[in-house]
Every structure is written in C-alpha cells, then in structure tokens.
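Hello,

Here is the structure we talked about. Please look it over, then read the notes below.

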Amino acid sequence: MSQGLSDSSCISTQSSAGNADETEKADPKGEAKAIPEPESGAGALSLAERRFQDLFESAPDGILQIDPAGRILVANRSAEQMFGYTREELFGSNVDLLVPEANRRGHAKHRREFAAAGRTRPMGLGLDLSARRKDGSTFPVEISLSPIQTEEGVHVTAVIRDVTERKLVEERVRSLQESYMTELEARQKEAERLNLLKSEFMASISHELRTPLHTIIGFTELLEEEGEGPLNEGQRRFLRHIHADSEHLLGLINDVLDLSRIEAGGLQLRTEPLILQAIAIEAADSIRPYAQSRGIKIHLGEDLNVQVFADLMRVRQILYNLLSNGAKFTGPGGSVSVDAAIEGDWVRVTVADNGIGIAAEECTRIFDKFYQVGLPPVGVREGTGLGLAICKQLVEMQRGRIWVESELGRGARFHFTLPYQQLG
Ligand code: ADP
C-alpha cells in the first residue's frame, strides 16, 4: 500500500500542515539556509564547501532539507529532476506538495512523530512509499530520513530514491516466477496423469499376458510328465528351458502387475490382527525346497510369536521376497533367518543372511524399481529387480518402513516394521 512520500516516522511540523493544497511558500527567512547553485557565488566558497556542493549536486538521489513546519529549505538537482519542479518552486513550499493527495491526510502527524523519536530512519525498510511529481503523476520511492537538531527545532534531511525501474524489474521477476510455477504445476499434473495411465495400462496388459503363460506352463508340465509319450534327452532339455523361462516371465508379469496396481491405487489392504510366527513358517516352507537345492538353511527365531495389525497376504509376500533374496544371494552352506522384536508401538521383523552382502552406496538404491546390484553371482541373473520395490510399497502402505544393514561380503540384515497389536 502506498504510504506517501514520508510515512509514520516522518517530518515534524509546528504549524498544522493542513490541506496539502494549501502548501505555502516559506518565510523568506529560509533564504539564508538555501544552498546556492554550484555556479553562483562559487568564488566566495572555500574549496571544502565547493567539494561538498559538488557532492550534493551530483548525488543520484534527491535530497531535501525540511524545517519544523514542513517547508523545503534545500533541494538538490536530482530532486528537481525527479519531481519536475524548479528549485525556486520547491524552496519554501510545504513538503506535502510532493506527497500523493491520497496520502496527505495524517502526514503532519507522521512528521511530528518522527521528530519526537529523533532517530534516523534508513532506506529499504520494505515500506511501499510513493511520491508525486508536478504533473500529478506518482512514482515509487525509497526514503531515508535524518533529524538534525537546530536552534529553530528539528530539521529533517530526506534522501529520496526513485525505485520505478527496480519495482518494474521486481514485478517482471514475480510474474515470471508465477507463470513458471503455474506451468510447473500443470506439467506435474500431466506427469501424474500419464503415470496413472501407464500403471493402468500395465495392470491390464499384465493381466492379459498371464493367461496364455499359464497355458504354456501347464502344457510344458504335461509334456514333461511324458503322458503323451516318451521324450528324448534333447526334448527334455528344451522343455526345461521353456519351463524355466516361462516361470521367470510369469514372475516378472506378476511383479509388474502388483506394482502397477499399487501405483494406480488399486491395491486394497485387508488388515487384521496376525501372529507373525504362522506367516513366517508358511513363507519359510515355500522357500525351503529352493534353499535346500542351494545348500542353504532357514532358521526361524524364538520371538516371532508376536501379533501385528497387517494384511496377511501382503506380509506373506514381503517375507517370501526377503527370504528368497536371502537364499539367492547366499552361497552354499549359508543360512537365512527370520526374527522379530517389539519396539514401542511397532514390531520390527528382521530377515538376515550371511551371503554376499551389499555395498553401503547400494543400500537405498536396491529398493528402486528394476535396480539390481552389479553382475549376477553365478550364471544368468534371476529375478526382476522389482521384489524390493514391491516390498517397500507394501510395508509403507501398512504405515511401516523398510531398510537394510549390510556390507559387501558380510551378509545382509533386512528390517521392516509393522503396527504392533498386543495379544489378548
Ligand atoms: P531381484 O531379487 O528380483 O533382483 P529385488 O528388488 O528383490 O530384485 O532386489 C534388488 C537387488 O538387491 C538384487 O538384484 C540384489 O542385487 C540386491 N539384493 C537383494 N537382496 C539381497 C541380499 N539378501 N543380499 C545381497 N543382495 C541383495
């Protein structure tokens, strides 16, 4: 809001400033205080005075001195140019002349308050001030005010800076910023819309792909059983490849389907009180044949008999994923264990192995979609790089968190938390 040439801390006056339009010429006594033009009477001035006068005249800011009645005693060249008045016109006039009409009311009070406070008011206080030119137009200014104690009362020096250009630049920057933010928001919304579309598309295509894959796997198994006639060694080998690759593809499709469903917000949780031990036993039983084929033992801890409030299917899926990773990334003779601990309102579940471990810098990235560390330990890489991304989403949907502690060559300890519910 525009506050006028001088604001609440402005110039003191002994006489009522009254209506600005009544601004009067000063008593000619003021003449003695006017600084003459640099040229006039230059010879009579000392070198120091001339230097001061040059400085005063060449200052880029307008400078005024005002007496206690609000009359202008001194004005420099910049002030003349800024306001469009000649020095003669300014001299003796009430400073209200330079205040926009809308701000003149209360100006005299502001001046008195400033004089009473007796403190310098620096520029750039963040006040929105404006001044009035002779032609009635207004422009934004910054003003510093300094009181000078004289025999005739408090005189005030006002240094006035025209900040039109700066305000224009600020306005331009602000409007650029605004349009940038609007565009950014629009793009963000569009990206979210596309992401949702992608997830919906992936979910529907994955669903369609699963049906023929189940057919391929089913018929492959029938052929392997040799019910339709004996197979030679080459045919058996081909079928094993078809079977393994189809299972891998099915795993990938299931993972993509799960993740797409979660991202599209289509996965509904069914949370209920669950005993962890029962779920851990089930998950371990499913993994055991694979673990045994790799010479790896699975241990279930003694503290798993705790209750959580979670979704049965999803907790089973998380445990299955972590246990199968443990078995996959641990060498023969190794082991994978599951245990739990109550921590306040949470149960922390830990799946630990003594396998190849994970370098510190990979420990957060492995939870990203499709992220797999380095080269596969042996042979063709198993897995899809989606398992941990799914686990993270599932844990977070149940308000928990998941993280890993590991070092290369020193095994891995995956932890996740679930809401604790007391047995009872
Ligand atoms: P996938 O197992 O299908 O590759 P995940 O998302 O489950 O995908 O795991 C991502 C990567 O994290 C794995 O490829 C592996 O590099 C690393 N990783 C996961 N679990 C372990 C573990 N227990 N020990 C060592 N590395 C692991």
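**Around F416**

F416 touches I318, L319, L322, V347, R348, V349, V395, R401, I402 and W403, leaving out residues up to four places away in sequence. Contact here means heavy atoms within 4.5 Å.

This is a predicted model: local features need pLDDT of at least 70, side-chain atom pairs count only at pLDDT 80 or more, and totals for chains, interfaces and linings use all residues. Residues are numbered from 1 along each chain as its sequence is written, and side-chain values use heavy atoms, without hydrogens and water.

**Cores**

The largest nonpolar core has 47 residues. Such a core is a set of buried Ala, Val, Leu, Ile, Met, Phe, Trp, Tyr and Cys residues joined through side-chain atoms within 4.5 Å. Buried means under 20% relative accessible area, with a 1.4 Å probe and protein chains only. L276, L319, L323, F414 and F416 touch the most other members. Helix α7 gives the largest share, seven residues. Another core, of 24 residues, lies apart from it; I66, I72, A131 and A158 are among them.

**Helices α7 and α8**

α7 (residues 276-293) packs on α8 (residues 312-328) at about 40°, with axes 9 Å apart. Axes are lines fitted to C-alpha atoms over the stretch in contact, and angles run from 0 to 180 degrees between N-to-C directions. Helices are DSSP runs (H or I, at least four residues), and strands are E runs of at least two.

**Whole protein**

There are nine helices and twelve strands. Of the 424 residues, 40% count as buried.

Regards

Notes:
Buried < 20%, exposed > 50% of the residue type's maximum accessible area, 1.4 Å probe, protein only.
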